[in-house]
Amino acid sequence: MKWSLRSEPTGQSLTDLHTTEFARVADLYHGQDPQSLTTYRNRQRALETQFSAAHRQQLVETLRPFLASVEAPEAAHRELERLLHPEATVVIAGQQAGLFTGPLYSVYKALSAVGMARRMEAELGKPVVPMFWIASEDHDWGEVDHAYLLDAGDNVRRLRLSDPAPLHQMVHHQTLSRESVTGILNALEETLPAGPWRSEVLQAVGEAYRSSSTLVGAFARLMYKLLGDTGLVMLDPCLPGLRALVGGVWRDVMEKQNELSKRLEARYSEVSGRGFVPAVVRDESNTTLFYVMDGKRYVLERTDNEHRLRVRGVGVEDSIEGWLRKAEQSPTSFSSNVLLRPVVQDHLLPTLCFVGGPAEIAYHALSGAVFETLSRTMPPLLLRDRLTLYPPTVLRNMEKWEISASELTRPVNLESRAVNELGGDAFDEILSTMAKETEARWSNWASQFESLGPQVQAMAKSQVKREIAGMNKTTSKAKNLFVRAHETELRQLRHIERWLWADGHAQERRLCPLNFWARYGLDWLQQLPFWGDYTKERGVFDVLL
(Lines give C-alpha, C1' and ligand atoms only; values in the text may rest on other atoms or scores of the structure.)
Protein backbone atom coordinates (compact mmCIF):
# COMPACT_ATOMS: atom_id res chain seq x y z
CA MET A 1 0.00 0.00 0.00
CA LYS A 2 1.34 3.41 -1.02
CA TRP A 3 0.10 6.92 -0.40
CA SER A 4 0.92 10.47 -1.40
CA LEU A 5 -0.34 13.89 -0.41
CA ARG A 6 -1.59 16.50 -2.87
CA SER A 7 -2.88 20.02 -2.38
CA GLU A 8 -6.60 20.34 -2.86
CA PRO A 9 -8.95 23.19 -1.82
CA THR A 10 -11.70 22.18 0.58
CA GLY A 11 -14.51 24.08 -1.12
CA GLN A 12 -14.65 26.46 1.86
CA SER A 13 -12.43 29.49 1.30
CA LEU A 14 -12.40 30.39 5.00
CA THR A 15 -11.30 26.86 5.91
CA ASP A 16 -8.59 26.98 3.26
CA LEU A 17 -7.11 30.09 4.87
CA HIS A 18 -7.44 28.56 8.33
CA THR A 19 -5.31 25.62 7.22
CA THR A 20 -2.78 27.37 4.97
CA GLU A 21 -2.51 31.03 6.07
CA PHE A 22 -3.83 30.99 9.61
CA ALA A 23 -2.50 34.45 10.51
CA ARG A 24 -4.97 36.03 8.07
CA VAL A 25 -8.00 34.67 9.97
CA ALA A 26 -6.50 34.12 13.44
CA ASP A 27 -8.80 36.72 15.04
CA LEU A 28 -11.87 34.73 13.91
CA TYR A 29 -10.49 31.63 15.65
CA HIS A 30 -9.23 33.18 18.91
CA GLY A 31 -5.63 32.79 17.78
CA GLN A 32 -5.73 29.00 18.15
CA ASP A 33 -3.16 28.04 15.50
CA PRO A 34 -3.70 24.30 14.85
CA GLN A 35 -0.16 23.75 13.55
CA SER A 36 1.61 25.11 16.64
CA LEU A 37 2.52 22.83 19.54
CA THR A 38 2.50 25.93 21.77
CA THR A 39 -1.23 26.28 21.08
CA TYR A 40 -1.92 22.84 22.52
CA ARG A 41 0.41 23.31 25.48
CA ASN A 42 -1.33 26.52 26.45
CA ARG A 43 -4.74 24.96 25.93
CA GLN A 44 -3.88 21.96 28.11
CA ARG A 45 -2.71 24.18 30.95
CA ALA A 46 -5.83 26.33 30.73
CA LEU A 47 -8.10 23.26 30.96
CA GLU A 48 -6.50 21.87 34.14
CA THR A 49 -8.58 24.09 36.44
CA GLN A 50 -11.82 24.18 34.46
CA PHE A 51 -13.22 20.71 35.20
CA SER A 52 -13.95 19.56 38.73
CA ALA A 53 -13.53 16.00 39.92
CA ALA A 54 -17.31 15.81 40.36
CA HIS A 55 -17.90 16.88 36.75
CA ARG A 56 -15.45 14.29 35.47
CA GLN A 57 -17.00 11.62 37.68
CA GLN A 58 -20.51 12.24 36.35
CA LEU A 59 -19.21 12.32 32.78
CA VAL A 60 -17.55 8.94 33.17
CA GLU A 61 -20.43 7.37 35.11
CA THR A 62 -22.88 8.46 32.43
CA LEU A 63 -20.81 7.07 29.56
CA ARG A 64 -19.96 3.71 31.16
CA PRO A 65 -23.41 2.15 30.58
CA PHE A 66 -23.63 3.72 27.12
CA LEU A 67 -20.36 2.10 26.05
CA ALA A 68 -21.54 -1.21 27.51
CA SER A 69 -24.84 -0.94 25.63
CA VAL A 70 -23.05 -0.60 22.27
CA GLU A 71 -20.49 -3.31 23.08
CA ALA A 72 -17.52 -0.97 22.97
CA PRO A 73 -14.12 -2.72 23.03
CA GLU A 74 -12.19 -2.86 26.27
CA ALA A 75 -9.78 -0.23 24.95
CA ALA A 76 -12.62 2.31 24.81
CA HIS A 77 -13.57 1.55 28.42
CA ARG A 78 -9.96 2.05 29.52
CA GLU A 79 -9.77 5.37 27.71
CA LEU A 80 -13.01 6.52 29.32
CA GLU A 81 -11.66 5.86 32.81
CA ARG A 82 -8.64 8.02 32.05
CA LEU A 83 -10.95 11.03 31.88
CA LEU A 84 -11.03 10.90 35.68
CA HIS A 85 -7.43 12.11 35.70
CA PRO A 86 -7.43 15.85 36.56
CA GLU A 87 -5.05 16.64 33.68
CA ALA A 88 -6.79 14.52 31.04
CA THR A 89 -8.03 16.27 27.90
CA VAL A 90 -9.81 15.06 24.78
CA VAL A 91 -9.47 15.29 21.03
CA ILE A 92 -12.94 15.01 19.59
CA ALA A 93 -14.61 14.63 16.21
CA GLY A 94 -18.26 14.09 15.42
CA GLN A 95 -20.83 13.19 12.80
CA GLN A 96 -24.48 12.30 12.36
CA ALA A 97 -25.49 8.68 12.93
CA GLY A 98 -25.77 7.74 9.25
CA LEU A 99 -26.91 4.35 8.00
CA PHE A 100 -23.92 1.97 7.72
CA THR A 101 -21.85 4.82 9.31
CA GLY A 102 -22.79 7.20 6.50
CA PRO A 103 -20.07 8.35 4.06
CA LEU A 104 -16.46 7.25 4.39
CA TYR A 105 -15.45 10.54 5.94
CA SER A 106 -17.21 9.55 9.18
CA VAL A 107 -14.50 6.94 9.65
CA TYR A 108 -11.80 9.38 8.56
CA LYS A 109 -12.94 11.86 11.20
CA ALA A 110 -12.77 9.21 13.90
CA LEU A 111 -9.30 8.01 12.91
CA SER A 112 -8.04 11.58 12.61
CA ALA A 113 -9.14 12.15 16.22
CA VAL A 114 -7.45 8.93 17.34
CA GLY A 115 -4.20 9.83 15.60
CA MET A 116 -4.20 13.38 16.94
CA ALA A 117 -4.87 12.18 20.50
CA ARG A 118 -1.94 9.77 20.36
CA ARG A 119 0.30 12.48 18.94
CA MET A 120 -0.72 15.02 21.60
CA GLU A 121 -0.27 12.58 24.45
CA ALA A 122 3.26 11.80 23.28
CA GLU A 123 4.16 15.47 22.89
CA LEU A 124 2.45 16.88 25.99
CA GLY A 125 3.13 14.00 28.35
CA LYS A 126 -0.48 14.18 29.64
CA PRO A 127 -3.48 11.85 29.13
CA VAL A 128 -5.35 12.65 25.90
CA VAL A 129 -8.50 10.66 25.11
CA PRO A 130 -9.95 10.34 21.57
CA MET A 131 -13.73 10.87 21.48
CA PHE A 132 -16.53 10.93 18.92
CA TRP A 133 -19.68 13.03 19.29
CA ILE A 134 -22.65 11.27 17.68
CA ALA A 135 -24.92 14.09 16.53
CA SER A 136 -28.08 12.48 17.91
CA GLU A 137 -29.81 15.84 18.45
CA ASP A 138 -30.30 16.39 14.72
CA HIS A 139 -33.86 16.12 13.51
CA ASP A 140 -33.39 15.71 9.75
CA TRP A 141 -34.08 11.98 9.38
CA GLY A 142 -33.69 12.24 5.62
CA GLU A 143 -29.98 13.00 6.03
CA VAL A 144 -29.21 9.79 7.94
CA ASP A 145 -31.71 7.13 6.84
CA HIS A 146 -29.76 6.00 3.75
CA ALA A 147 -26.38 4.89 2.48
CA TYR A 148 -24.74 4.59 -0.94
CA LEU A 149 -23.01 1.44 -2.18
CA LEU A 150 -21.78 0.03 -5.47
CA ASP A 151 -23.35 -3.18 -6.72
CA ALA A 152 -21.61 -5.88 -8.76
CA GLY A 153 -22.08 -3.84 -11.94
CA ASP A 154 -20.60 -0.70 -10.37
CA ASN A 155 -24.01 0.94 -10.29
CA VAL A 156 -24.50 3.39 -7.42
CA ARG A 157 -27.29 2.09 -5.19
CA ARG A 158 -29.07 4.12 -2.51
CA LEU A 159 -30.26 1.86 0.31
CA ARG A 160 -32.80 3.45 2.62
CA LEU A 161 -34.57 2.54 5.84
CA SER A 162 -38.33 2.22 5.42
CA ASP A 163 -39.13 3.83 8.79
CA PRO A 164 -40.60 7.31 8.38
CA ALA A 165 -39.82 9.93 10.99
CA PRO A 166 -42.19 12.63 12.22
CA LEU A 167 -41.28 16.22 11.43
CA HIS A 168 -38.88 17.67 14.04
CA GLN A 169 -38.18 14.20 15.54
CA MET A 170 -34.65 14.00 17.01
CA VAL A 171 -32.64 11.01 15.82
CA HIS A 172 -31.98 10.09 19.46
CA HIS A 173 -35.71 9.45 19.94
CA GLN A 174 -36.38 7.68 16.62
CA THR A 175 -36.72 3.91 16.96
CA LEU A 176 -36.04 1.36 14.25
CA SER A 177 -38.76 -1.15 13.45
CA ARG A 178 -37.83 -4.79 13.01
CA GLU A 179 -39.41 -4.70 9.54
CA SER A 180 -37.21 -1.81 8.51
CA VAL A 181 -34.06 -3.47 9.86
CA THR A 182 -34.89 -6.74 8.12
CA GLY A 183 -35.57 -4.90 4.88
CA ILE A 184 -32.32 -2.93 4.91
CA LEU A 185 -30.24 -6.00 5.77
CA ASN A 186 -31.86 -7.94 2.92
CA ALA A 187 -31.17 -5.04 0.55
CA LEU A 188 -27.54 -4.98 1.68
CA GLU A 189 -27.12 -8.70 1.04
CA GLU A 190 -28.60 -8.32 -2.44
CA THR A 191 -26.42 -5.30 -3.27
CA LEU A 192 -22.99 -5.90 -1.75
CA PRO A 193 -20.70 -7.58 -4.32
CA ALA A 194 -18.50 -10.56 -3.61
CA GLY A 195 -15.26 -10.08 -1.73
CA PRO A 196 -13.00 -11.95 0.71
CA TRP A 197 -14.55 -10.14 3.70
CA ARG A 198 -18.15 -9.98 2.45
CA SER A 199 -19.48 -12.49 5.00
CA GLU A 200 -17.68 -10.63 7.80
CA VAL A 201 -19.31 -7.38 6.72
CA LEU A 202 -22.80 -8.89 6.54
CA GLN A 203 -22.38 -10.49 9.95
CA ALA A 204 -21.04 -7.31 11.59
CA VAL A 205 -23.76 -5.10 10.10
CA GLY A 206 -26.45 -7.62 10.96
CA GLU A 207 -25.34 -7.85 14.59
CA ALA A 208 -25.12 -4.06 14.92
CA TYR A 209 -28.61 -3.39 13.59
CA ARG A 210 -30.43 -6.37 15.08
CA SER A 211 -29.04 -5.51 18.51
CA SER A 212 -30.02 -1.84 18.42
CA SER A 213 -33.36 -0.11 18.73
CA THR A 214 -32.07 3.21 17.38
CA LEU A 215 -29.84 4.41 14.58
CA VAL A 216 -27.53 5.93 17.19
CA GLY A 217 -26.91 2.55 18.80
CA ALA A 218 -26.43 0.81 15.46
CA PHE A 219 -24.03 3.52 14.31
CA ALA A 220 -21.89 3.23 17.44
CA ARG A 221 -21.80 -0.58 17.29
CA LEU A 222 -20.79 -0.62 13.63
CA MET A 223 -18.15 2.07 14.11
CA TYR A 224 -16.61 -0.07 16.84
CA LYS A 225 -16.63 -3.07 14.47
CA LEU A 226 -14.72 -0.94 11.98
CA LEU A 227 -12.30 0.76 14.35
CA GLY A 228 -11.53 -2.05 16.78
CA ASP A 229 -9.19 -1.33 19.69
CA THR A 230 -8.30 2.26 18.81
CA GLY A 231 -9.62 3.45 22.17
CA LEU A 232 -12.16 5.84 20.67
CA VAL A 233 -14.88 6.79 23.16
CA MET A 234 -18.27 7.28 21.49
CA LEU A 235 -20.67 9.78 23.05
CA ASP A 236 -24.39 10.44 22.69
CA PRO A 237 -24.95 14.04 23.87
CA CYS A 238 -28.65 13.40 24.57
CA LEU A 239 -27.94 11.11 27.51
CA PRO A 240 -29.72 12.63 30.55
CA GLY A 241 -26.58 12.53 32.69
CA LEU A 242 -24.72 14.62 30.13
CA ARG A 243 -27.63 17.03 29.68
CA ALA A 244 -27.52 17.70 33.41
CA LEU A 245 -23.89 18.80 33.07
CA VAL A 246 -24.66 21.40 30.39
CA GLY A 247 -27.77 22.96 31.88
CA GLY A 248 -25.71 26.00 32.80
CA VAL A 249 -25.17 26.71 29.11
CA TRP A 250 -28.93 26.89 28.51
CA ARG A 251 -29.19 29.39 31.38
CA ASP A 252 -26.33 31.57 30.15
CA VAL A 253 -27.67 31.70 26.60
CA MET A 254 -31.12 32.78 27.76
CA GLU A 255 -29.80 35.40 30.15
CA LYS A 256 -27.46 36.89 27.55
CA GLN A 257 -29.78 36.85 24.54
CA ASN A 258 -29.41 40.52 23.69
CA GLU A 259 -25.64 40.44 23.87
CA LEU A 260 -25.50 37.19 21.91
CA SER A 261 -27.71 38.56 19.14
CA LYS A 262 -25.52 41.65 18.76
CA ARG A 263 -22.29 39.66 18.75
CA LEU A 264 -23.64 37.21 16.15
CA GLU A 265 -24.81 40.07 13.95
CA ALA A 266 -21.35 41.65 14.15
CA ARG A 267 -19.62 38.35 13.42
CA TYR A 268 -21.78 37.63 10.37
CA SER A 269 -21.00 41.12 9.09
CA GLU A 270 -17.29 40.61 9.72
CA VAL A 271 -17.19 37.27 7.90
CA SER A 272 -19.21 38.60 4.96
CA GLY A 273 -17.19 41.80 4.87
CA ARG A 274 -14.02 39.82 4.31
CA GLY A 275 -15.54 38.20 1.25
CA PHE A 276 -16.57 34.87 2.78
CA VAL A 277 -20.01 33.30 2.48
CA PRO A 278 -21.17 32.45 6.04
CA ALA A 279 -21.34 28.67 6.44
CA VAL A 280 -24.66 28.93 8.31
CA VAL A 281 -27.57 31.07 7.10
CA ARG A 282 -28.35 33.89 9.52
CA ASP A 283 -31.59 33.37 11.47
CA GLU A 284 -31.97 36.63 13.34
CA SER A 285 -34.64 35.62 15.84
CA ASN A 286 -33.05 32.24 16.67
CA THR A 287 -31.73 32.07 20.23
CA THR A 288 -29.34 29.19 19.22
CA LEU A 289 -31.55 26.96 21.38
CA PHE A 290 -34.22 24.39 20.57
CA TYR A 291 -37.02 23.43 22.92
CA VAL A 292 -37.70 19.68 23.00
CA MET A 293 -41.29 18.42 23.22
CA ASP A 294 -42.06 14.68 23.06
CA GLY A 295 -38.76 13.95 21.34
CA LYS A 296 -39.24 16.69 18.77
CA ARG A 297 -37.27 19.92 18.81
CA TYR A 298 -38.42 23.37 17.80
CA VAL A 299 -36.54 26.65 17.50
CA LEU A 300 -36.72 28.78 20.62
CA GLU A 301 -36.85 32.32 19.26
CA ARG A 302 -36.83 35.89 20.46
CA THR A 303 -39.97 38.00 20.30
CA ASP A 304 -40.60 41.73 20.00
CA ASN A 305 -40.54 41.76 23.79
CA GLU A 306 -36.89 41.32 24.80
CA HIS A 307 -37.99 39.66 28.05
CA ARG A 308 -39.97 36.86 26.39
CA LEU A 309 -39.11 33.84 24.20
CA ARG A 310 -41.39 31.55 22.21
CA VAL A 311 -41.29 28.18 20.49
CA ARG A 312 -41.45 28.76 16.74
CA GLY A 313 -44.48 27.27 15.02
CA VAL A 314 -46.00 25.90 18.22
CA GLY A 315 -47.27 28.98 20.00
CA VAL A 316 -45.72 28.23 23.38
CA GLU A 317 -44.39 31.47 24.88
CA ASP A 318 -43.01 32.44 28.27
CA SER A 319 -40.84 34.97 30.02
CA ILE A 320 -37.11 34.41 30.16
CA GLU A 321 -37.53 33.76 33.88
CA GLY A 322 -40.06 31.03 33.06
CA TRP A 323 -37.72 29.43 30.53
CA LEU A 324 -34.88 29.55 33.05
CA ARG A 325 -37.02 27.57 35.51
CA LYS A 326 -37.76 24.99 32.81
CA ALA A 327 -34.05 24.65 32.02
CA GLU A 328 -33.23 24.12 35.68
CA GLN A 329 -35.99 21.57 36.18
CA SER A 330 -35.51 19.69 32.89
CA PRO A 331 -32.20 20.22 31.07
CA THR A 332 -33.16 17.41 28.65
CA SER A 333 -35.89 19.68 27.30
CA PHE A 334 -33.35 21.86 25.49
CA SER A 335 -30.97 21.32 22.61
CA SER A 336 -28.31 23.41 20.86
CA ASN A 337 -28.28 24.57 17.28
CA VAL A 338 -25.22 24.28 15.05
CA LEU A 339 -23.57 27.45 16.36
CA LEU A 340 -24.11 26.67 20.04
CA ARG A 341 -23.13 22.99 19.84
CA PRO A 342 -19.35 23.66 19.91
CA VAL A 343 -19.80 25.63 23.14
CA VAL A 344 -21.88 22.84 24.70
CA GLN A 345 -19.19 20.37 23.72
CA ASP A 346 -16.51 22.61 25.19
CA HIS A 347 -18.49 22.98 28.43
CA LEU A 348 -19.01 19.25 28.74
CA LEU A 349 -15.52 18.04 27.80
CA PRO A 350 -11.95 19.26 28.39
CA THR A 351 -11.49 19.79 24.66
CA LEU A 352 -7.85 20.03 23.66
CA CYS A 353 -8.68 19.94 19.95
CA PHE A 354 -11.73 19.57 17.73
CA VAL A 355 -11.27 17.64 14.47
CA GLY A 356 -13.77 18.75 11.85
CA GLY A 357 -14.64 18.81 8.19
CA PRO A 358 -14.40 21.86 5.91
CA ALA A 359 -17.88 23.18 6.73
CA GLU A 360 -17.35 22.70 10.47
CA ILE A 361 -14.10 24.66 10.45
CA ALA A 362 -15.88 27.44 8.51
CA TYR A 363 -18.89 27.75 10.80
CA HIS A 364 -16.73 27.84 13.93
CA ALA A 365 -15.78 31.36 12.85
CA LEU A 366 -19.43 32.25 13.50
CA SER A 367 -19.58 30.19 16.69
CA GLY A 368 -16.74 32.35 17.97
CA ALA A 369 -19.37 34.98 18.81
CA VAL A 370 -21.17 32.48 21.04
CA PHE A 371 -17.93 31.52 22.78
CA GLU A 372 -17.18 35.18 23.43
CA THR A 373 -20.67 35.90 24.78
CA LEU A 374 -20.27 33.08 27.28
CA SER A 375 -16.69 34.16 28.16
CA ARG A 376 -15.02 31.15 26.64
CA THR A 377 -12.18 30.58 24.17
CA MET A 378 -12.79 28.13 21.34
CA PRO A 379 -10.45 25.13 21.08
CA PRO A 380 -7.92 24.65 18.28
CA LEU A 381 -9.57 23.23 15.16
CA LEU A 382 -7.86 20.61 13.01
CA LEU A 383 -9.16 19.78 9.54
CA ARG A 384 -9.85 16.05 9.33
CA ASP A 385 -7.74 13.93 7.02
CA ARG A 386 -9.20 13.70 3.51
CA LEU A 387 -8.62 10.56 1.43
CA THR A 388 -9.17 9.13 -2.02
CA LEU A 389 -8.81 5.34 -2.13
CA TYR A 390 -7.59 3.68 -5.33
CA PRO A 391 -8.43 -0.04 -5.47
CA PRO A 392 -5.97 -2.22 -7.48
CA THR A 393 -8.63 -2.87 -10.13
CA VAL A 394 -9.09 0.85 -10.62
CA LEU A 395 -5.34 1.37 -10.91
CA ARG A 396 -5.03 -1.38 -13.55
CA ASN A 397 -7.79 0.14 -15.64
CA MET A 398 -6.26 3.59 -15.31
CA GLU A 399 -2.94 2.22 -16.56
CA LYS A 400 -4.59 0.43 -19.46
CA TRP A 401 -6.42 3.55 -20.60
CA GLU A 402 -3.48 5.85 -19.79
CA ILE A 403 -5.52 7.94 -17.37
CA SER A 404 -3.51 9.83 -14.77
CA ALA A 405 -4.65 10.59 -11.22
CA SER A 406 -4.49 14.30 -12.05
CA GLU A 407 -7.32 13.77 -14.57
CA LEU A 408 -9.52 12.35 -11.83
CA THR A 409 -9.40 15.10 -9.22
CA ARG A 410 -12.72 16.34 -10.58
CA PRO A 411 -15.83 14.50 -11.83
CA VAL A 412 -15.33 13.24 -15.38
CA ASN A 413 -17.55 11.24 -17.73
CA LEU A 414 -15.08 8.60 -18.87
CA GLU A 415 -17.70 6.50 -20.62
CA SER A 416 -18.77 9.32 -22.95
CA ARG A 417 -15.18 10.18 -23.68
CA ALA A 418 -14.38 6.57 -24.50
CA VAL A 419 -17.40 6.23 -26.78
CA ASN A 420 -16.09 9.15 -28.79
CA GLU A 421 -12.53 7.79 -28.86
CA LEU A 422 -13.81 4.42 -30.04
CA GLY A 423 -15.71 6.05 -32.90
CA GLY A 424 -19.08 6.57 -31.26
CA ASP A 425 -19.05 10.30 -32.04
CA ALA A 426 -19.64 9.43 -35.70
CA PHE A 427 -23.30 8.67 -34.89
CA ASP A 428 -23.98 12.23 -33.77
CA GLU A 429 -21.98 13.75 -36.62
CA ILE A 430 -23.87 11.75 -39.24
CA LEU A 431 -27.20 12.47 -37.53
CA SER A 432 -26.46 16.20 -37.61
CA THR A 433 -25.59 16.06 -41.31
CA MET A 434 -28.71 14.06 -42.16
CA ALA A 435 -30.92 16.43 -40.18
CA LYS A 436 -29.55 19.44 -42.04
CA GLU A 437 -30.02 17.67 -45.38
CA THR A 438 -33.60 16.78 -44.47
CA GLU A 439 -34.43 20.35 -43.46
CA ALA A 440 -32.89 21.68 -46.70
CA ARG A 441 -34.75 19.15 -48.88
CA TRP A 442 -38.17 19.92 -47.43
CA SER A 443 -37.49 23.64 -47.35
CA ASN A 444 -36.78 23.46 -51.09
CA TRP A 445 -39.96 21.43 -51.64
CA ALA A 446 -42.05 23.99 -49.75
CA SER A 447 -40.59 26.89 -51.71
CA GLN A 448 -41.59 25.23 -55.01
CA PHE A 449 -45.21 24.93 -53.91
CA GLU A 450 -45.58 28.07 -51.79
CA SER A 451 -48.28 29.34 -54.14
CA LEU A 452 -50.59 26.71 -52.65
CA GLY A 453 -50.69 28.68 -49.40
CA PRO A 454 -49.12 28.70 -45.90
CA GLN A 455 -50.23 25.11 -45.27
CA VAL A 456 -47.33 23.94 -47.44
CA GLN A 457 -44.73 25.33 -45.02
CA ALA A 458 -46.53 23.67 -42.09
CA MET A 459 -46.63 20.33 -43.96
CA ALA A 460 -42.90 20.55 -44.68
CA LYS A 461 -42.01 21.35 -41.06
CA SER A 462 -44.20 18.51 -39.83
CA GLN A 463 -42.51 16.07 -42.20
CA VAL A 464 -39.04 17.25 -41.11
CA LYS A 465 -40.01 16.70 -37.48
CA ARG A 466 -41.23 13.14 -38.21
CA GLU A 467 -38.14 12.20 -40.19
CA ILE A 468 -35.69 13.59 -37.62
CA ALA A 469 -37.57 11.76 -34.85
CA GLY A 470 -37.11 8.55 -36.83
CA MET A 471 -33.42 9.30 -37.34
CA ASN A 472 -32.98 9.89 -33.59
CA LYS A 473 -34.70 6.61 -32.78
CA THR A 474 -32.59 4.66 -35.26
CA THR A 475 -29.39 6.39 -34.10
CA SER A 476 -30.22 5.56 -30.47
CA LYS A 477 -30.65 1.88 -31.36
CA ALA A 478 -27.36 1.91 -33.26
CA LYS A 479 -25.61 3.53 -30.29
CA ASN A 480 -26.91 0.77 -28.01
CA LEU A 481 -25.51 -1.83 -30.38
CA PHE A 482 -22.21 0.06 -30.36
CA VAL A 483 -22.12 0.19 -26.55
CA ARG A 484 -22.86 -3.54 -26.30
CA ALA A 485 -20.06 -4.24 -28.76
CA HIS A 486 -17.65 -2.28 -26.57
CA GLU A 487 -19.13 -3.27 -23.18
CA THR A 488 -15.83 -4.63 -21.83
CA GLU A 489 -13.97 -1.39 -22.46
CA LEU A 490 -16.78 0.78 -21.14
CA ARG A 491 -17.15 -1.37 -18.02
CA GLN A 492 -13.50 -0.76 -17.21
CA LEU A 493 -13.98 3.00 -17.47
CA ARG A 494 -17.22 2.87 -15.51
CA HIS A 495 -15.32 1.02 -12.78
CA ILE A 496 -12.82 3.87 -12.48
CA GLU A 497 -15.46 6.54 -12.56
CA ARG A 498 -17.90 5.03 -10.04
CA TRP A 499 -15.30 4.04 -7.44
CA LEU A 500 -13.68 7.49 -7.43
CA TRP A 501 -16.68 9.67 -8.25
CA ALA A 502 -19.90 7.92 -7.30
CA ASP A 503 -22.58 9.59 -9.47
CA GLY A 504 -20.53 12.77 -9.61
CA HIS A 505 -19.80 12.99 -5.88
CA ALA A 506 -16.38 12.54 -4.30
CA GLN A 507 -15.83 9.00 -3.07
CA GLU A 508 -15.35 9.97 0.60
CA ARG A 509 -18.52 12.06 0.62
CA ARG A 510 -20.77 9.50 -1.06
CA LEU A 511 -19.84 5.86 -0.55
CA CYS A 512 -20.14 4.19 2.83
CA PRO A 513 -17.22 1.96 3.94
CA LEU A 514 -18.84 -1.41 3.22
CA ASN A 515 -17.61 -1.89 -0.37
CA PHE A 516 -14.01 -1.35 0.71
CA TRP A 517 -14.40 -3.48 3.85
CA ALA A 518 -15.83 -6.39 1.83
CA ARG A 519 -12.97 -6.29 -0.68
CA TYR A 520 -9.95 -5.30 1.39
CA GLY A 521 -10.75 -5.91 5.04
CA LEU A 522 -9.86 -3.33 7.69
CA ASP A 523 -6.18 -3.77 8.56
CA TRP A 524 -5.06 -1.21 5.99
CA LEU A 525 -6.98 1.51 7.84
CA GLN A 526 -4.81 1.08 10.92
CA GLN A 527 -1.61 0.85 8.87
CA LEU A 528 -1.92 4.34 7.40
CA PRO A 529 0.67 6.40 9.31
CA PHE A 530 -0.63 9.92 8.83
CA TRP A 531 -3.85 10.08 10.88
CA GLY A 532 -4.11 13.37 12.74
CA ASP A 533 -0.62 14.66 11.96
CA TYR A 534 -1.22 18.33 12.73
CA THR A 535 2.16 19.38 11.28
CA LYS A 536 1.39 18.16 7.75
CA GLU A 537 -0.10 20.23 4.97
CA ARG A 538 -3.86 19.72 4.94
CA GLY A 539 -4.44 18.23 1.50
CA VAL A 540 -5.86 14.98 0.15
CA PHE A 541 -4.10 11.66 0.67
CA ASP A 542 -4.22 9.45 -2.42
CA VAL A 543 -4.05 5.90 -1.05
CA LEU A 544 -3.18 3.05 -3.43
CA LEU A 545 -4.64 -0.08 -1.86
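Q: How much area is buried between domain 1 and domain 2?
A: Buried area is the accessible area (1.4 Å probe) that two parts lose on being put together, summed over both. Here domain 1 and domain 2 bury about 2,400 Å² between them, and carbon and sulfur atoms give 67% of that. The model is predicted: local features need pLDDT of at least 70, side-chain atom pairs count only at pLDDT 80 or more, and totals for chains, interfaces and linings use all residues. Side-chain values use heavy atoms, without hydrogens and water, and residues are numbered from 1 along each chain as its sequence is written.

Q: Where do the domains run?
A: Domain bounds come from an automatic or database domain assignment. Domain 1 covers 2-241 + 341-388 + 519-544, domain 2 covers 249-334, and domain 3 covers 412-500. Contact means heavy atoms within 4.5 Å. Domain 1 puts 31 residues into its contact with domain 2, which answers with 26 residues.

Q: How many salt bridges cross the interface of domain 1 and domain 2?
A: A salt bridge needs a side-chain nitrogen of Lys or Arg within 4 Å of a carboxyl oxygen of Asp or Glu. The rule finds 4 across this interface. Look also at Arg-267 and Glu-372: they form a salt bridge, with the closest N and O atoms 2.7 Å apart.

Q: Which helix gives the most to the side of domain 1 that touches domain 2?
A: Helices are DSSP runs (H or I, at least four residues), numbered from the N terminus. Helix 14 gives the most, with 10 residues. Helix 1 (13-20), helix 13 (341-348) and helix 14 (358-373) each supply at least two.
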